[in-house]
Amino acid sequence: MNIEIKELNGSYLGILTGWIDTAVATQFLEDLKPLMNNADKSIELNCAQLEYICSLGLRGLLQLKKESAAKGGRLVLTHVEGEVLKILTMTGFIKLFDIRR
């Protein structure tokens, strides 16, 4: 699992790659902190290279969404495909996020 964060003209892009499973979920939550600190901005999480996400990873995304909503920011998930799309659909999380393919 890797998350690369870029600032682009006052908004943020996070590029997620690999697997977010229970072995790396704690690190993923830690890696989200810069985005949590800037949740008042527009945040895009590009999931094109994300292959899997576990329940703890979903929890991290939900925390980021709540933080964005509380601070007046915006969170968008882009390029959600394959297994990750199935997981979001099966868990009902697909209804909670602004998802753009």
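In the predicted model, W19 is in contact (heavy atoms within 4.5 Å) with M1, V24, E51 and Y52, its neighbours within four places in sequence being left aside. Residue numbering starts from 1 along each chain as its sequence is written. Because the model is predicted, local features need pLDDT of at least 70 and side-chain atom pairs count only at pLDDT 80 or more, whereas totals for chains, interfaces and linings use all residues; side-chain values use heavy atoms, with hydrogens and water left out.

W19 belongs to strand β2; helices (H or I, at least four residues) and strands (E, at least two) are DSSP runs numbered from the N terminus. The residue stands opposite Y52 in β3. Between W19 and E51 there are 32 residues in sequence, yet the C-alpha atoms are 5.5 Å apart in space. The side chains of W19 and E51 are joined by a polar contact of 3.1 Å. Such a contact is a pair of N or O atoms within 3.5 Å; within protein, one atom must be able to donate a hydrogen and the other to accept it, and residues adjacent in sequence count only if both atoms are side-chain atoms. With a relative accessibility of 44%, W19 is classed as partly exposed, the scale being buried under 20% relative accessible area, exposed over 50% and partly exposed in between (1.4 Å probe, protein chains only). Strand β2 itself is mostly covered, eight of its 10 residues being buried.

Five strands make up an open sheet of mixed pairing, in the order β1-β2-β3-β4-β5; two strands pair if DSSP finds at least two bridges between them. Axes are lines fitted to C-alpha atoms, for helices over the stretch in contact, and angles run from 0 to 180 degrees between N-to-C directions.

Strands β2 (residues 11-20) and β3 (residues 42-53) run parallel and are joined by eight bridges, and I20 has I53 in β3 as its bridge partner. The pairing of β1 with β2 is antiparallel and comprises seven bridges, with S11 in β2 as the bridge partner of L8. The hairpin of these strands has two residues between them, and N9 adopts a positive phi near 50°.

Helix α4 (residues 82-91) lies across β3, β4 and β5 and runs at about 105° to β3.

The structure contains two aromatic pairs, where rings of Phe, Tyr and Trp (its six-membered ring) pair if their centres lie within 6.5 Å, and planes under 30 degrees apart count as stacked, over 60 as edge-to-face and the rest as tilted. One of these is the stacked pair of F93 and F97, at 6.3 Å centre to centre and 25° between the planes. Both phenylalanines, F93 and F97, are buried.

Zero disulfides (cysteine sulfur atoms within 2.5 Å) are found in the whole structure. For C54, the closest cysteine sulfur, in C47, is 14 Å away, too far for a bond. C47 is buried at a relative accessible area of 3%, and C54 is buried at 6%.
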